[in-house]
Amino acid sequence: MAIQPVNSATTPKQTPKRPFITPISATGYGALILGGASAVTARNKKIKTHKYLAYVAGALAIAHTALIEWHRFGKKK
């Protein structure tokens, strides 16, 4: 039985791999994690820490929404 030669002309085109962490996923998961941490600190009556975590979580949520809308607008063009 003959072994078939490997020919680069017959191999399918390789698609570029997406990065593991994208800015959209980083801001989304960051907002979720910090929002949960804010809820935990509020339950433990650490109000100052709760406020700071809530501010950062809100900023990440706004950034996440802005990135999604920017990406969606770029796809339409």
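This report walks through the helices, the loop, the contacts and the salt bridge of a predicted model.

## Ground rules

Residues are numbered from 1 along each chain as its sequence is written, and side-chain values use heavy atoms, with hydrogens and water left out. Since the model is predicted, local features need pLDDT of at least 70 and side-chain atom pairs count only at pLDDT 80 or more, while totals for chains, interfaces and linings use all residues.

## The overall picture

The protein chain has 2 helices and 0 strands. Both kinds of element are DSSP runs numbered from the N terminus: H or I with at least four residues for helices, E with at least two for strands. Of the 77 residues in the chain, 10% are buried. Here, buried means under 20% relative accessible area, exposed means over 50%, and partly exposed is in between (1.4 Å probe, protein chains only).

The accessible surface of the chain is about 7100 Å², and 67% of that belongs to carbon and sulfur atoms. Areas come from the Shrake-Rupley method with a 1.4 Å probe; for residues, only the protein chains shown count as cover.

H1 covers residues 23–43, which is 21 residues, and reaches 30 Å from its first C-alpha to its last, close to the 30 Å expected at 1.5 Å a residue. That expected span is 1.5 Å times one less than the number of residues.

The buried residues in H1 are Thr 27, Gly 28, Gly 30, Ala 31, Ser 38 and Thr 41. Looking down the axis of H1, they fall within an arc of 165 degrees, so they line one face of the helix. The arc is that of the directions from the helix axis to the C-beta atoms. On the face turned away from the buried side you'll find the exposed residues Tyr 29, Leu 32, Ile 33 and Arg 43.

Tyr 29, Leu 32 and Ile 33 also form a nonpolar surface patch, with about 390 Å² of accessible area together. Patches are made of residues with over 30% relative accessible area and no salt bridge; like charges are joined within 9 Å, and nonpolar side chains (Val, Leu, Ile, Met, Phe, Trp, Tyr) within 5 Å. Leu 32 has a relative accessible area of 62%, so it is exposed.

Lys 45 sits in the loop between H1 and H2. Its phi is near 65 degrees, a positive value in a residue other than glycine. For background, most residues other than glycine have a negative phi. Lys 45 is also exposed, at 69% relative accessible area.

## Contacts worth a look

Thr 41 of H1 counts as buried at 12% relative accessibility. Not counting residues up to four places away in sequence, Thr 41 touches Lys 46, Thr 49, His 50 and Leu 53. Contact means heavy atoms within 4.5 Å.

Over in H2 (residues 47–76) there is Leu 60, partly exposed with a relative accessible area of 24%. Leaving aside neighbours within four places in sequence, Leu 60 is in contact with Thr 27, Gly 30, Ala 31 and Leu 34. Leu 60 and Gly 35 are 25 residues apart in sequence and 9.8 Å apart in space, C-alpha to C-alpha.

## The salt bridge

The structure holds 1 salt bridge, where the side chains of Glu 69 and Arg 72 meet at 2.6 Å, N to O. The term means a side-chain nitrogen of Lys or Arg within 4 Å of a carboxyl oxygen of Asp or Glu. Glu 69 and Arg 72 are 3 residues apart in helix H2, so about one helical turn separates them. Glu 69 is partly exposed at 37% relative accessibility, and Arg 72 is partly exposed at 43%.
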